[in-house]
Amino acid sequence: MYKNVFLRFAIVIILLMVIMLFAMSQVYLSAVNEGYREMNEKRMDDVASKVSVCVGDYLASKYGKDELNLNLRNIDVQNNMSVWVIGTSRTVILTYGVQSGCTVQAGDVLDDSSIDDVFVIGEDGITSAFSKYFNEGHISCVKGVHSALLSRKYAVIVSMPESYITSDENTHLDIVILFAAIGIVMFTAMFYFVSRSISRPIKELSDAAVAVSKGNFSKKIKIQSGKKDEITKLGQSFNAMMDALDEVETQRREFMGNISHELRSPLTSMHGYLQGIVDGVIEGEMQQTYLKIALSETERMKGMIENMFNMSKMESQQNALMRSVFDVNELIRIVIISKIVQLEQKEIEVVTDFESEQFFVDADKDMIQQVIINLVDNAVKFTPQKGKITISTWLFKDKVFVKISDTGVGIPEDDINKIWDRFYQVDKAKPASRMGSGLGLAIVKQIINKHGEDVWAKSEVGKGTDFMFSLQKTTRKKD
């Protein structure tokens, strides 16, 4: 495919170059011919002027014919010029220079009336009217011979073949073709190497994209060090995307393994308990105990499935914000009450530190409640027995800030920025009691970002973690 694209592109470029060179060559040849013509016409005019002076002096009897011939020989008459001296009766009284191919001789009378203009109105100029007296086209310069001593007027006609007036186009065309061929070869070579430097990384990108479509996220683009062009930046962006996809895929596999384990373990337990009850192995009061354990396992599975469902809704943008005005402090109290059983089981102390009794915010109440629930659940999960959880709220400018702190195990610095990623588990070897789905904090970030607010965490290993987020304050009371 790339060879075909390169070939088509190269053909188009070369055709454009040929058209451009052809147009330039025509302009060049036209300019050369025009310059060459003007130069030769000036030469004929100079020769005609000098011959006119010599002939005028001769006809005025200033010197004889021998001296005239000597003076004419001293004039730079090129070997391709023909010189005639014409009298008022159109009679050729003198010829000089090259006469090969010319039908005019001294004594002949010209039948061209245009020569009369020189005598009548003194008009000099360039004409092709005398080409009929030669066996090929000629350009002639006509100049009158004027002298106060002359009773009659005469004219000098200097003629030159048209083939000498203009430049030799074939010679110049050969030069143009030669340089054009060299230019095309050099441009084609340069274009080939430049296009290859562009098409090679594009082909690598295409191959890598095919690999991604087949689930291979380890394919990388080779980046040349030192290069900062757009193709290099594209390759760097692609590699960054591949790293992110590879990490997500790794997390997804780990998550699927965790979910499979989390679902299999309670299902296995429930199956064993229920099978024991059905078979009569578990009897009496023990049935009630094991049924409660089975119910607890179903609640845990339900929580994991709900987290997965909520994450899916958030990512698909199906869950639109339903904003309302509510007291975030009151919402925190409601969440704490709903978690009283878990808190009492671990004998965790909960402290609230509200800067003001009420803080009204404009947000989606259900979503913010989910945020607080997830963060409190996370704090309870990682806080040891008889630990402490502190929930604070305060106002800064037009924002209400909420902080949930625990005295748990803390989060390593290398993991603090990854905890918001889907499926990410800080401690893969933690006990089942602290095993989660890896979606709780991802859901928190999705919800807060959906509100256009910020959420962040600070932690110190062995001392605990602080989770903070902001909400838009409003002066309105509850809706």
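Student: How much of the chain is buried, and what does that word mean here?

Tutor: Buried means under 20% relative accessible area, exposed means over 50%, and partly exposed lies in between, using a 1.4 Å probe and protein chains only. In this chain of 479 residues, buried residues make up 37%. Keep in mind that this is a predicted model, where local features need pLDDT of at least 70, side-chain atom pairs count only at pLDDT 80 or more, and totals for chains, interfaces and linings use all residues. Residues are numbered from 1 along each chain as its sequence is written, and side-chain values use heavy atoms, with hydrogens and water left out.

Student: At what angle do α10 and α11 pack?

Tutor: Axes are lines fitted to C-alpha atoms, for helices over the stretch in contact, and angles run from 0 to 180 degrees between N-to-C directions. Helix α10 (residues 365-382) packs with helix α11 (residues 440-450) at about 150 degrees, their axes 9 Å apart. Angles under 35 degrees count as roughly parallel, over 145 as roughly antiparallel, 65 to 115 as roughly perpendicular and the rest as oblique. The two helices, α10 and α11, are therefore roughly antiparallel.

Student: Which residues in α10 and α11 meet?

Tutor: Contact means heavy atoms within 4.5 Å. From α10, the residues include Met 367, Ile 368 and Val 371, and among those in α11 are Leu 441, Ile 443 and Val 444. By class, this contact of α10 with α11 has nine nonpolar, four polar and one charged residues. Here Ala, Val, Leu, Ile, Met, Phe, Trp, Tyr, Cys and Pro count as nonpolar, Asp, Glu, Lys and Arg as charged, and the others, Gly among them, as polar.

Student: What is buried in α11, and what comes just after that helix?

Tutor: Buried residues in α11 include Leu 441, Ala 442 and Ile 447. Just after α11, Gly 452 takes a positive phi of about 75 degrees.

Student: Is Ser 392 buried or exposed?

Tutor: Ser 392, in strand β9 (residues 388-396), is buried, with a relative accessible area of 8%. Leaving aside neighbours within four places in sequence, Ser 392 is in contact with Asp 353, Phe 401, Val 402 and Lys 403.

Student: And where does Gly 215 lie?

Tutor: Gly 215 lies in the loop between α5 (169-213) and α6 (230-279), and is partly exposed at 45% relative accessible area.

How values were computed:
Helices (H or I, at least four residues) and strands (E, at least two) are DSSP runs, numbered from the N terminus.
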